[in-house]
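Please have a look at the sequence and structure before I go on.

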Amino acid sequence: MTITSYQNPILRGMYPDPSIVRVDDTFYLVNSTFEYYPGIAVSKSKDLLNWTKLPSIVKNHKQADLRQAKSNEGIFAVCIRYHEGYFYVITTNFAEWKNFIIRGKLSVDKEKIIWENKRIEVDFPGIDPDLYFEDGKTYVQFTGYLENGQKAIQQIEIDIATGQTLRPAEILTYGSGGRDVEGPHIIKKGNYYYLLLAEGGTGMGHMITMFRSKNLWGPYDEAAPNNPLFTNRDRAEQPLQNIGHADLFQDQLGNWWLTCLGTRPASVGFVQYTNIGRETLLYPVDWSGDWPVINNGTPTQTVDMTAFPEHAKILSEQKATDFIDTFETTELNPEWISLRDSLASRIIFKNHTLTLTGSTEKLDGLGVPSFLAVRQTEHDEIFQIELSKDSKLNSGAFGLAVMINSNHYATLMIEKFEDCFAIYKHLKVLDIDVNEKIGELSELPKELSVTNTKENKIFTAKTNIEEINFTINAMHFSNEAIAALNTGDVQGIYVTGDATMTINKASRKKIN
């Protein structure tokens with residue numbers, strides 16, 4: 001079956017800053033995760049359109065300590081490369097202000113990557129690092145902060161085994177003039193080193209630019225004649241916006257592809273806002289000339305492959321991305337994330353259920369609350385859990401929460417009274433903090449859900465005969481509301497105090 005088109009994003013929900021490497025016939029993709037744990041999301045695919053989530057990389061404090069990460073901090077942009085039998089990821093933990101490398105190797109059956117439990121620190125004053133290997137040497141390109149506050153793309157040579165700097169930082173370029181020059185990647189093609197960049201900030205002005213040089217150390221003073229190579233900054237009619245932070249790679253047939261981030265703003269009346277966060281996009285590239293031409297120059301949501309028959313040979317039909325977890329194993333599905341650290345000591349798997357015990361930590365703090373979540377992946381979708389009768393409220397509370405950061409969240413919480421179960425609505429938006437009892441149920445609900453629409457988030461608690469719900473405007477949990485673009489909305493179960501919440505099933509499904 002020949003694929004004539006596909007839909008972006010290829011990874012839906014908060015999967016920003018993509019980087020892809022191919023090993024034989026398998027592609028491996030990493031994404032930033034910021035304050036969420038485990039850190040550095042990893043996925044793999046044979047066809048670039050259908051991705052399997054692998055366990056994330058950062059799982060202990062020796063790799064990266066996220067316990068002090070504020071909202072929109074933590075794991076920044078990640079680059080993945082494969083060299084002499086090993087995977088290398090390089091990234092920044094903003095909470096520690098450390099840049100580091102973690103090395104991994106394929107398992108014997110090649111089904112998973114085994115990552116080392118330690119990191120190799122690399123000392124440079126910047127973010128968005130890239131790794132480039134050549135002639136037995138290792139180079140790191142990064143966004144450097146200069147003394148005058150300006151940003152520039154810089155490069156160092158390092159010892160890959162120790163992280164020690166062997167040649168100090170030199171400026172490669174200041175970019176094409178756009179603000180916030182970031183996300184560098186070096187690609188060698190022919191006699192040239194091509195330097196792929198992001199400029200314009202990660203908002204509406206985001207764009208992809210490129211320079212080249214015949215010398216790895218520059219000067220990179222030859223700009224692509226049609227810079228920016230790829231952007232929707234002046235195409236308000238396009239459903240995808242904020243296009244930037246890209247990586248270039250080849251498939252096993254030698255075809256070039258570009259992955260980048262973008263957003264899908266929701267239009268509500270005359271207003272546009274984004275709840276889903278920055279997502280992973282994919283485009284075919286024609287690099288038959290001096291400079292790459294990406295998807296005929298326009299970042300589209302529907303990608304027409306009729307002009308790229310060779311690229312289409314590796315693609316397969318895209319499949320649905322609904323999430324269903326019935327806890328068949330004692331391993332946490334990689335879709336689940338928590339804040340800043342592991343919840344393993346508070347999670348029990350038993351008889352196809354998951355139990356989460358409560359904590360004194362709350363969502364508005366900088367600790368590790370008992371909040372287990374998945375990303376929102378569509379404007380219109382429902383997140384639903386089946387609650388077990390084995391759940392125990394004691395003197396605590398449990399329910400569902402939606403959040404985009406520590407001062408923009410909402411919860412539906414249940415507390416036990418002598419003769420009923422009280423339902424509470426809690427909304428936190430900056431200095432507005434409302435916690436009110438909205439009703440009572442005669443028995444513990446069997447089902448809790450959050451229905452996401454472009455306009456609203458509808459929280460519901462149901463028994464066999466009763467139902468209580470409330471509605472909150474979705475714009476409160478948008479990137480525009482928090483004036484930050486790093487993360488997107490997440491939704492999940494939340495337990496406080498000495499309560500224990502046991503669930504039989506969790507699901508996230510698109511509403512057609």
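This is a predicted model: local features need pLDDT of at least 70, side-chain atom pairs count only at pLDDT 80 or more; totals for chains, interfaces and linings use all residues.

**Spaces in the model**

The largest cavity lies between domain 1 (5-260 + 269-313) and domain 2 (323-510), because both domains give residues to its lining; the domain bounds come from an automatic or database domain assignment. Residues are numbered from 1 along each chain as its sequence is written, and side-chain values use heavy atoms, with hydrogens and water left out.

How do we find such spaces? Rolling a probe the size of a water molecule over the atoms shows where empty space is left. On a 1 Å grid over the protein atoms alone, a cavity is a set of points where a 1.4 Å probe fits but cannot get out, whereas a pocket is an open set with protein on both sides within 12 Å along at least five of seven lines, and lining residues have an atom within 4 Å of a point. Grid points are joined across faces, edges and corners, and a volume is the space filled by probe spheres set on the points.

The whole structure holds three cavities of 30 Å³ or more, and the largest cavity has a volume of about 70 Å³. Among the residues that line this cavity are Tyr15, Lys53, Pro334 and Arg375. Strand β5 gives the most to the lining, with three residues; strands here are DSSP runs (E, at least two residues), numbered from the N terminus.

Turning to the open spaces, the largest pocket holds about 1,300 Å³ and is lined by 50 residues, with Tyr15, Lys53, Asn333, Pro334 and Glu335 nearest its centre. Its lining, too, draws at least three residues from each of domain 1 and domain 2.

The second largest pocket has a volume of about 500 Å³, and among its 17 lining residues, Val21, Arg81, Leu248, Phe249 and Gln250 lie nearest its centre. The largest share of that lining, four residues, comes from β20.

A polar atom of the Ser338 side chain lies 2.8 Å from the backbone oxygen of Asp341.

Terms used: A polar contact is a pair of N or O atoms within 3.5 Å; within protein, one must be able to donate a hydrogen and the other to accept it, and residues adjacent in sequence count only if both atoms are side-chain atoms.
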